[in-house]
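Dear colleague,

Please find below the structure that I am handing over to you, together with its sequence. My notes on it follow directly after.

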Amino acid sequence: MDDLVGLAVIVILVVVAGAICGLIALVQLNALKQEVAVLRAKITHLQTHKSISQSEPQSEASTAQAAISITEPIAHKAQPSLTSQNASPPVINQLSAPPKKAKPAEASAIELLFNKLRAGFEENWMTWIGAIALAFGGIFLAKYSLEAGLLSPVMRLSLGGLFGLGLIAAAAYLHHKRIVFEGFNNYIPAALASGGFITCFALTLLAYSSYDMLSPTVAFFALAIIAISASAMALKLGPLLAVLGIIGAYSVPIWVSTGSGNLFALLMYIGFVSLSAALVAHKVQRIWLWYLLWVGHIGWYLVGFTLLKANTVWLMGAFALLSIVGLIAIPRLGLKLNVIEHRPHSLKRLIKVLPDHALLLAFIAPLIFTMLISHFDMQWQAIGVLSIVLVLFLVLKNSRWDIWQGVALVISTLLVLGAERTHLSPNLYDDALFVFKNEYGLGLLLGLLLTAFGLYYGKKQIKRLAFHITGAFSAFVMIATLYTLIPNSALSTAYPLWAVALFVVAAILIKLAQHNTTLFQRFTYWVGANANITLAVTMLLSDSGLTIALAVQVLLISVLIKRYNVPMPHWPIKALVAALLLRLTLAPWTPSYDALTVFGLHWSIVVYPLCIALFFAAAKCFDSSKLKIWLEGAALHCLALFITTETSYQLVGHYPQFDSLNFYEQILLTCNWLALGCVYLHRAKLAGTLAKLYKVAGFALAGLAGLFAIKTLLDDNPLFESLYIGELPIFNWLLLLWLVPAGLTLWLAKLVKPINAKATPFILAVAGGFILLAINSFIRQYWQGPYIYLSKGASNAELYSYSVIWLVLGAGTVIFGHLKNQLLIQKIGLGILAAVIVKVFLIDMANLEGLLKALSFIGLGLSLVGLSWLFQKLRSRVNPV
């Protein structure tokens, strides 16, 4: 009974919505009638004036006035007046030119569809409410007979069934006799049929759920027959009945479940329903019926994976491939797949082929994902290969699916990865022929076959670029995949075969590029040949060799684009650079790179500078281009990685471990990241569309540097702890600890000022704090040596040196402020001098007595008098009277 209550609630909502729509339509109709009455009155008035003007000649002035009075209500061109020669130009323009009307905005496809459906419902809402009432009558009749106990269950259901069948028969009769309307606008027969089918559907559910008169299997087939019959009748009565049939048919497994978990029966039923729904949708020509079909079919396809077992893998694979044929290929190519299209398309058009791409991914992606997480066996291997064959077959039939060759290559790669994960065996590499077995043999075979496929059909259809790309890069992708899987110990066995295959493919590509080919084909073959040769050379090197090979490939592609002037889209190069940067970023913290060397040197000393040079060289190939900024940014990122990682590696023998940094690593990272943050912010001025990205990166690096500086100041401060800072004056760790960050912070304040002027004083104050710490620490290191912690105390000579040096610095600051006419700098200098005076009185002279104390005061007084005289002279020169 819960099912009937839910159904009743839904129908009540439909009735209320229909009533509201009817009221809206009634109000709109009354408003339109009033507007028509007003327009009729105006037309009658205009006709009256026109007849009067024709019967009685009027003067020139009255003629012009009548023309103006006609122009205003009907917004047409006025007739030229007899006195138009004496009229001023603005009046002539006003009379002769009609007012321009704004172009109405074009409605979208969804709005048009909604408006069409609403208009149809507003015209026939009473009919549909009547149909719903009929359905309710059948349902309530059955319910009343059940509660009152008037008839037996069989008799009640039989009478309800006869009522539903009677409505369906009446609908068929009315449509056959063409009594009401014709074609798909025959709403009354469709409404009667809908009421009949809903009644039969509800009574069948009642017999199954409430009376237990039907077994699950019988109820299942009965509901299916009712739903499919509704879809079939929709071919005559219209699309709205088809909606009822499609939804009802797909919902049958929800209402009735046999509990057997029979995947074969479920998929057979869904396939039959989808076939029927496709015929109906094709016949009535309504796109939203296809949407219902796709949702129902794909939804049950995904549910089928929950029932998947080891012995039903082939069933899911066959269902997926047949679904691709039935829902994608046949609607496009016809039932015999003979609608062939070979004309080339641009990449933009190939990407926008909808819904074909979405449907293909909806069937292929769950299948391949399940393969990767399941045990790989012959069934999965066969399904994967059949998927590749089907996709390539469809590509040959329709050029709009050329991009699916990339899907075939992805499936091939995932097949190899799935086989590698399942067939992993420690004894596999003992046999020298392992390169022809399991994932290695499969990958090599698929790579060569896809290469042959692309080259063969690329030669036959030269203008379809996707074939050339497949032929140029398939072997490279598959062997590169195998190269990432094979352990270093077994590479020496596989390398000769792979190198020969790569060199042979490269030679074929170079040969083809020299013949009569298009510009894109020649460019693609050159790039593919370079990629194959680079990979073959890379395999001779260590793991970092692949990184170098990819960076070289970026440069080679850039050089070829410049040489042949190829209008190639930038996103493939950006994708390659992004993948390379990800590899370079993660490499320092990858265990396999810990002890890796290149040419006897640690890999980062060679790889990072080489990639920086290659990226900058590639950027020079693109003058005034966004890709130039992208490549230069990649070079800066490599520079950031090099400075961050190599300084720590040379210092402590390993890359930074951010949870256990020592005092010296913190110093280096503070300087490195603050400098790189300033570089990124400076770069943002020239980055164009990437300016926001550079700003975010710059502020992030500066913020991280600030955090390390605070940590060093509070936890690892050499003024508070016994930390070794170096023997040499100035050129010690204090230089990097406080003086270099001070200079970088001043640069940061200059860069931040145009972005946020309010933050500049705070940054300048931080820079001043760094300078204060640096100078005092240098002085203390000169007197104390490599350890400057304050608990060691200070001699008188050290205390005097602070006063002398800060006195000179304060005076110099004031002088500099006067020369630059900067009041702020003068105030800072005067503040320094005031602090020095306070220090001299409170600290330096506190222990002096006798002649020394007198001489000290005399010297301080003379110094202050001399500075005052010097400031007055400077002020008179800068501001003469």
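Is Ile730 buried, partly exposed or exposed? Ile730 counts as partly exposed, at 43% relative accessibility, where buried means under 20% relative accessible area, exposed over 50% and partly exposed in between (1.4 Å probe, protein chains only).

Two remarks on the basis of these values are in order. This is a predicted model, in which local features need pLDDT of at least 70 and side-chain atom pairs count only at pLDDT 80 or more, while totals for chains, interfaces and linings use all residues. Residues are numbered from 1 along each chain as its sequence is written, and side-chain values use heavy atoms, with hydrogens and water left out.

Backbone and loops

Ile730 lies in the loop between α25 and α26 (733-752); helices here are DSSP runs (H or I, at least four residues), as strands are (E, at least two), numbered from the N terminus. Although not a glycine, Ile730 has a positive phi of about 65°. Leu337, also not a glycine, has a positive phi of about 55°. Leu337 is in the loop between α11 (313-333) and α12 and counts as buried at 17% relative accessibility. Leu354 and Pro355 are joined by a cis peptide bond, with omega about 5°, and Pro355 belongs to the loop between α12 (347-351) and α13 (356-373).

Helix packing

The axes of α24 (residues 663-684) and α25 (residues 691-714) come within 7 Å and cross at roughly 155°. Axes are lines fitted to C-alpha atoms, for helices over the stretch in contact, and angles run from 0 to 180 degrees between N-to-C directions. The two helices are therefore roughly antiparallel (over 145 degrees; under 35 is roughly parallel, 65 to 115 roughly perpendicular and the rest oblique). The contact of α24 with α25 has 18 nonpolar, 5 polar and 3 charged residues, where Ala, Val, Leu, Ile, Met, Phe, Trp, Tyr, Cys and Pro count as nonpolar, Asp, Glu, Lys and Arg as charged, and the others, Gly among them, as polar.

Aromatic pairs

Rings of Phe, Tyr and Trp (its six-membered ring) pair if their centres lie within 6.5 Å; planes under 30 degrees apart are stacked, over 60 edge-to-face and the rest tilted. The count by this rule is 18 aromatic pairs. One of them is the stacked pair of Trp401 and Trp404, at 4.8 Å centre to centre and 0° between the planes; both residues are buried.

Yours sincerely
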